[in-house]
Amino acid sequence: QEIASAGSPGMKLILLGPPGAGKGTQAQELERRRNLVQLSTGDMLRAVIASGSALGQEVKAIIDTGALVPDDIMVRMIADRIEQPDCGDGFILDGFPRTTAQAEALDVMLDARNTALDHVIAMVVDADVLTRRIGGRFSCAKCGAGYHDEFQKPRQDGVCDHCGGTEFTRRSDDKPETVRARLEAYEAQTAPLLPYYRDKNLLRSVNAMAGIDEVTAEIEKILMGA
Ligand code: ADP
Ligand code: ZN
């Protein structure tokens with residue numbers, strides 16, 4: 001269901017947090033509840049890889065090591081995406097920015113469009129749950145809806161709640177060796193964005209250790225201006 005009056009039209013959000021914090025899960029839920037599009041750079045990169053292009057091969061080699069894709073590629077990808085008409089009613093960035101350079105580029109992009117971020121929501125979790133969440137996650141091959149072996153099973157085993165699809169995929173970068181490198185990249189390159197946005201008075205935190213529905217409720221409270 002859509003909440004028509006809450007929040008400003010064209011709301012622009014960032015969900016910030018380590019891999020496994022629940023960004024994708026919450027972004028998908030917000031997309032279902034509100035007229036916002038989820039911009040998952042992970043999904044965009046996986047689409048580029050699936051296309052088999054030269055760029056896709058380059059990107060796959062980087063992602064398989066757990067490292068971040070270069071800023072210039074990511075910034076161009078997002079700059080193109082937010083120009084699309086479906087982003088006019090607002091968007092949720094999930095997976096971008098991941099470095100200070102990307103955050104600065106985003107500021108320039110939004111400035112040029114005479115707009116700005118409404119909130120940056122930090123999803124705070126203990127490090128030890130991340131590997132457990134990442135290890136069990138999978139998604140619908142048809143619509144991309146996210147699930148978990150333990151925390152978010154489809155209502156009917158083997159059937160997607162949202163589209164009825166029966167094929168599911170697991171990410172190749174979710175293996176334990178790669179996850180370790182991804183968590184290190186987060187700490188070194190992405191965690192500095194917390195003070196970056198705190199200084200701009202945009203940062204709000206949610207307890208992402210709570211259950212999925214509780215986290216959604218906490219985020220909704222922020223969006224309603226609480
Ligand atoms: P991110 O996009 O931040 O990497 P995901 O949204 O993919 O994280 O979440 C990782 C996994 O953890 C998913 O399988 C998801 O179902 C599960 N998950 C997400 N949020 C919670 C939560 N609050 N409690 C338990 N499991 C969760
Ligand atoms: Zn589906």
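**Reading the ligand site, a pocket and some local features**

Tutor: Let us start with one contact in this predicted model: an oxygen atom of ligand 1 is 2.8 Å from a polar backbone atom of Gly24.

Student: How should I read such a distance, and what lies 2.6 Å from an oxygen atom of ligand 1?

Tutor: The general idea is that a pair of N or O atoms counts as a polar contact when the two are within 3.5 Å. A polar side-chain atom of Arg137 lies 2.6 Å from an oxygen atom of the ligand, and a backbone N or O atom of Ala21 is found 3.3 Å from an oxygen atom of ligand 1.

Student: How much of the accessible area of ligand 1 does the protein cover?

Tutor: On its own, ligand 1 has 560 Å² of accessible area, and the protein covers 91% of that area.

Student: Which residues come nearest to ligand 1, and which elements give two or more residues to its shell?

Tutor: There are 19 residues around the ligand, and those that come nearest are Gly20, Lys23, Thr25, Arg137 and Ala210. The elements giving two or more residues to the shell are α1 (23-33), β6 (146-148) and α9 (212-223), with α1 giving the most, 3 residues. Sorted by class, the shell holds 9 nonpolar, 7 polar and 3 charged residues.

Student: How do I read a pocket, and what is the volume of the second largest pocket?

Tutor: Rolling a probe the size of a water molecule over the atoms shows where empty space is left. In this structure, the second largest pocket has a volume of about 250 Å³, and of the 16 residues that line it, Glu29, Arg32, Gln152, His162 and Ile212 lie nearest its centre. At least two lining residues come from each of α1, β6 and α9, and α1 supplies the largest share, 5 residues. By class, this lining has 3 nonpolar, 6 polar and 7 charged residues.

Student: How many salt bridges are there, and which residue pairs with Arg34?

Tutor: Side chains of opposite charge can pair when their charged atoms come close. Here the count comes to 18 salt bridges, one of them between Glu220 and Arg34, whose closest N and O atoms are 2.8 Å apart. This pair links distant parts of the chain, since Glu220 is in helix α9 and Arg34 is in the loop between α1 and β2 (37-40), 186 residues apart.

Student: What should I note about the backbone at Pro97 and at Asn114?

Tutor: The peptide bond from Phe96 to Pro97 is cis, with omega near -5°, and Pro97 sits in the loop between β3 (90-94) and α5 (100-112). Asn114, a residue other than glycine, has a positive phi, near 55°, and its place is in the loop between α5 and β4 (119-124).

Conventions
Residues numbered from 1 in each chain as written. Chains lettered and ligands numbered in written order. Predicted model: local features only at pLDDT ≥ 70, side-chain atom pairs only at ≥ 80, totals over all residues. Heavy atoms only, no water. Near = heavy atom within 4 Å. Polar contact = N/O pair within 3.5 Å; in protein donor to acceptor, adjacent residues only side chain to side chain. Areas by Shrake-Rupley, 256 points an atom, 1.4 Å probe, with all protein chains shown as cover. Helix = DSSP H or I, 4+ residues; strand = E, 2+ residues; numbered from the N terminus. Nonpolar A, V, L, I, M, F, W, Y, C, P; charged D, E, K, R; others polar. 1 Å grid on protein atoms, 1.4 Å probe; cavity = no way out; pocket = protein on both sides within 12 Å on 5 of 7 lines; lining within 4 Å. Points joined across faces, edges and corners; volume = space filled by probe spheres on them. Salt bridge = Lys/Arg side-chain N within 4 Å of Asp/Glu carboxyl O.
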